[in-house]
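Biologist: Hi! Could you walk me through this structure?
Modeller: Happy to, have a look at it here.

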Amino acid sequence: MMNTSSRKYDVLVIGAGHAGCEAARACARLGLRTGLITMNIDLIAQMSCNPAIGGIAKGHLVREIDALGGVMGELTDEVGIQFRLLNTSRGPAVWSPRAQCDKKQYRVRMKERMEQEPNLRILQAEVASLLVENGEMRGVGLADGRTVTAASVVVTTGTFLNGLAHVGETKYQCGRNGEAPSNLLGHALRGLGLEWTRLKTGTPPRLDGRSIDWSVFEKQHGDVEPTPFSFMTDRIEREQVCCYVAYTNQATHAVVRDSMSRSPLYSGQIEGIGPRYCPSIEDKIVKFPDKSRHQLFLEPEGLDTYEIYVNGLSTSMPVDVQERVLASIPGLEQAEMIRPGYAIEYDAIDPRQLTHGLQVRRIRGLFLAGQINGTSGYEEAGCQGLMAGLNAACHAGQRDPFELARTDGYTGILIDDLISKGADEPYRMFTSRAEYRLHLRIDNADARLTPLGERMGLVSPDRSARFQVKEEQKTRLRQGLLSRRMDATLRRPEVRLSVDLATEVLGAAPVRGVIDTVETEIKYAGYLDQQDRHVQRLRDSERRPLPDNLVFASIPGLSREVAERLARVRPSTLGQAGRIPGVTPAAVAILDIYLSSHAE
């Protein structure tokens, strides 16, 4: 007999990956009864690709998650096995932390975090249907017959929606390699009448480290003084592992070229669009035929495993081709492949159907986060999950939405890009996407976002107290340096603010981050002042709201094409309208005049 029992929550989160964990934890910490539904409770926060967090611009996202009270940064500091601060040869605007993590420990620690939340319950089940009534979410139906009701539902399904994996000519349905896909939910979501696309991502083979000749490869060590991700971490003192650098060669390329007819990527077997900035080895060799070699990184997947991730060798070639590719690389001639690389296709929506709060426009209470919105990467998923969770909590509690602007952080840029421009390929964050990079640094993410997290109620008392100490020290150090006329000296590029001088001025040891922030703000004062003026102008344009019922086709002077683009995205502000592809500055000026002439 079918089980028709029902459970009631304030918020339901579907999927327990990086987006789902941030969303569920945020809702639970805000006091809402939260249900986290996953098809396998033992694979919460599984790192299905490289077990690394951060990187160029991605590290900025993790710092922002942390500043708002999220969990990714703290967890990375706990289980990181190699830390590197990237881009240090350039200015502080683009410095970004990266950490190789212990894959197993990341998953284990995240599960512990979720289970420790008093208001959070984890359910192992498959969602089969969505309960929608008069355009409002009411809950979900499970495959086992149960009904679970909630005022808000957050969908964070990663690559599981109608997932299809490819290894050479072989293809099979899965969410991640070896795990069941989420087909029932995929069909239910498609039944809502949203616009969908198919995207593709891939992974490289994993090797047994005992079968590798490590003496051949260049060592890549972590930083002597590791840079933590979390503002709550004082220092990281444990020993770090070594990674190694390898290269493909002409023999490698010949193996791939000779087998190209068996590549599902080029035979037409794969229909989904893959990530431009993380190409497979097949793509690299086809699109860059002049390159004699491509760089690879051999990275450990954890401290208690021999499994090695071959970063840079993503492929969906047949297994025998993958074996020949590996054997062509000096040092990997005898390498044993633990898992072959594969590509996976999955469903993703057109994110232009979402609000800035990641709510589906046509269905109140339904929020989407992560790869379902067309993004790639743990970090992009995590920041969306946090934002979707906060807004799901706002909806359930009948509070105003919580939104971040482009000037607030990379998280705001990511969401604005998605809902303004869509994602015709998996979206990856880069520092080049930010108009005001010097304003959005890793060292000041707390100053930008922690007060907002405090306002939402997500920031813990310990974090709030630590933030206040840092802010007070920044103010005192700045004033002390100005009174001693040291600011002019510090503007010289070769002069650094020492710990001894900062301690002398403060009369106490500076907390982590104070020196970097104060030095940067003094050295780049002129540039920051200029950017602040530009930021204010952008914020002014974001304050010009566009009415929800505005009929763009009726506005004199707007071309039909521009009106159609505006009607499709339904921008909420004049600033967002100007970022929609195809909407010209002249069209924005017409909108501005129209709004002014029709102001009440």
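Modeller: One definition before we start: contact means heavy atoms within 4.5 Å. This is a predicted model, where local features need pLDDT of at least 70 and side-chain atom pairs count only at pLDDT 80 or more, while totals for chains, interfaces and linings use all residues. Residues are numbered from 1 along each chain as its sequence is written, and side-chain values use heavy atoms, with hydrogens and water left out.

Biologist: Thanks! What is glutamate 435 in contact with, leaving aside its neighbours within four places in sequence?
Modeller: With those neighbours set aside, glutamate 435 contacts Arg406 and Arg579.

Biologist: And where does glutamate 435 lie?
Modeller: In the loop between α11 (410–421) and α12. On naming, helices (H or I, at least four residues) and strands (E, at least two) are DSSP runs, numbered from the N terminus.

Biologist: Is glutamate 435 buried, partly exposed or exposed?
Modeller: Glutamate 435 counts as partly exposed, because its relative accessibility is 38%. Buried means under 20% relative accessible area, exposed over 50%, and partly exposed in between (1.4 Å probe, protein chains only).

Biologist: Let's move to α12. At what angle do α12 and α13 pack?
Modeller: Helix α12 (residues 445–456) and helix α13 (residues 461–483) pack at about 140°, and their axes are 11 Å apart. Axes are lines fitted to C-alpha atoms, for helices over the stretch in contact, and angles run from 0 to 180 degrees between N-to-C directions. α12 and α13 are therefore oblique to each other. The cut-offs are under 35 degrees for roughly parallel, over 145 for roughly antiparallel, 65 to 115 for roughly perpendicular, and oblique for the rest.

Biologist: Which residues make the contact between α12 and α13?
Modeller: From α12, Asp446, Ala447, Thr450, Pro451 and Glu454; from α13, Ser464, Phe467, Gln468, Lys470, Glu471 and Lys474. By class, the contact of α12 with α13 has 3 nonpolar, 3 polar and 5 charged residues. Here Ala, Val, Leu, Ile, Met, Phe, Trp, Tyr, Cys and Pro count as nonpolar, Asp, Glu, Lys and Arg as charged, and the others, Gly among them, as polar.

Biologist: How do α1 and α10 cross?
Modeller: The axes of helix α1 (residues 18–29) and α10 come within 7 Å and cross at roughly 30°. That makes α1 roughly parallel to α10. The contact includes His18, Ala19 and Glu22 of α1, and Tyr378, Ala381 and Gly382 of α10 are among the α10 residues taking part. Its classes are 10 nonpolar, 4 polar and 1 charged.

Biologist: What about α6 and α9?
Modeller: Helix α6 (residues 250–258) and helix α9 (residues 319–327) pack at an angle of about 165°, with axes 8 Å apart. That makes α6 roughly antiparallel to α9. Thr252, Val255 and Val256 of α6 meet Val321, Arg324 and Val325 of α9. This contact of α6 with α9 has 4 nonpolar, 1 polar and 1 charged residues.

Biologist: Changing topic: how many disulfides are found in the whole structure?
Modeller: The search finds 0, a disulfide being a pair of cysteine sulfur atoms within 2.5 Å.

Biologist: Now backbone: what is phi at alanine 57?
Modeller: Phi of alanine 57 is positive, about 70°, although alanine 57 is not a glycine. Alanine 57 sits in the loop between β4 (52–54) and α2 (58–67), and counts as buried at 0% relative accessibility.

Biologist: What about phi of glutamine 398?
Modeller: Phi of glutamine 398 is near 55°, a positive value in a residue other than glycine. Glutamine 398 lies in the loop between α10 (378–396) and α11, and is exposed, with a relative accessible area of 76%.
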